[in-house]
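Visitor: I have a protein model open here and would like to talk it through. Could you walk me around it?
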Amino acid sequence: MSNTTERERMKKMDQAEGLRNIIKKKDLELKMPTARVITVTSGKGGVGKSSVSVNLAIQLSRMGKRVVVLDADFGLANVEIMLGIHPKYNLADLMFRGKSITDIITPGPENVGFISGGSGINELANLTREQVFHLIQKMEELDHKADVIIVDTGAGISNSVLEFVAASEEVLLVATPEPTSITDAYALLKSLNRCTSYRPGTTIVKMIANQVRNAKDADELFEKIGLVVNKFLNVEVEYLGAIPYDANMSKAIMKQTPISIAAPNSPTARCISDIVAKLENKVPEDAGKRLGIVQMFTSMIRTGFKR
């Protein structure tokens, strides 16, 4: 083994040890309140995932929750387009350019905060020990600034998507009756099942049937995804609810206004409100022990160190 390779190996060992010490310190502080983290994902693009994330955030905010949306799709900017906002800073500015959590949270409609992931998501596996410590401190601050953090992942089965899903306690899987959506949703869950950082029994996936014509379509969609997954994969999938096909959605998107604001009495807005009510009714009994956004990021960083 060359001296350069050996130095790199020792550096990674030092980084890993530093991360373990940070996590141990964090474990002692878990009695403090932490945010509820809900990760919204999909097997493919174009199924309304980001729209669901934004409108869930608005409905939760209306219930008096402090809500922050983290756009973790660093390749696109769907959430900021839907909200009609232009963030000045993103997660990379927090990690590398000395900005604070307050700096990178952009105010959105209905008191919802927004954080653009930028290129920061892609850099998590390459942080130095000092950068890890800095990021964990800042994420801890976010944990106490928000009651709910909604993570809007990219679509598909890229490593960054799978790492967010595997590190989550609550995952909402958005799918439509389109055959490609069904196939890709199953592929996502199959890849999750193979992911080394996935923790069966800890991560619970809840499926939202989007753009359905009626209740029968929604039931059939869950049968094609959820029931098959529960039978053949070591992944638990629950049915959370359905959102109908609604012409008001297209109009709202064109206006760059979330449908919960543009058409609050529309079928879609009412169904999203019902889904939020179900989420609130299904808060885990041990919610006081939830891991929060800090543990999600430490899990992802730790996975990066193992590569």
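Predicted model: local features only at pLDDT ≥ 70, side-chain atom pairs only at ≥ 80, totals over all residues.

Visitor: How many helices and strands are in the protein?
Guide: The protein has 13 helices and eight strands, and of its 307 residues, 51% are buried. Among contacts with a separation of 6 or more, 82% are between residues 24 or more positions apart.

Visitor: What about helix α2, how far apart are its end C-alpha atoms?
Guide: They are 20 Å apart, which agrees with the 20 Å that the 14 residues of α2 (residues 49-62) should span at 1.5 Å a residue. Because 13 of those 14 residues are buried, α2 is largely enclosed by the rest of the structure.

Visitor: And what follows α2?
Guide: G64 follows α2, and its phi is positive, near 95°.

Visitor: Switching topic, how many aromatic pairs does a search of the whole structure find?
Guide: The search finds two. In one of them, the ring centres of F164 and F297 are 6.2 Å apart with the planes at 85°, so the pair is edge-to-face. Since F164 lies in helix α7 and F297 in helix α13, the pair ties together parts that are 133 residues apart in sequence.

Visitor: Are those two buried or exposed?
Guide: Both F164 and F297 are buried.

Visitor: And F222 with Y239, what are the distance and the angle there?
Guide: Their ring centres are 5.6 Å apart and their planes are at 50°, so this pair is tilted. F222 counts as buried at 14% relative accessibility, whereas Y239, with a relative accessible area of 28%, is partly exposed.

How values were computed:
Residues numbered from 1 in each chain as written. Heavy atoms only, no water. Helix = DSSP H or I, 4+ residues; strand = E, 2+ residues; numbered from the N terminus. Expected span 1.5 Å × (residues − 1). Buried < 20%, exposed > 50% of the residue type's maximum accessible area, 1.4 Å probe, protein only. Contact = heavy atoms within 4.5 Å. Phe/Tyr/Trp six-rings, centres within 6.5 Å; stacked < 30°, edge-to-face > 60°.
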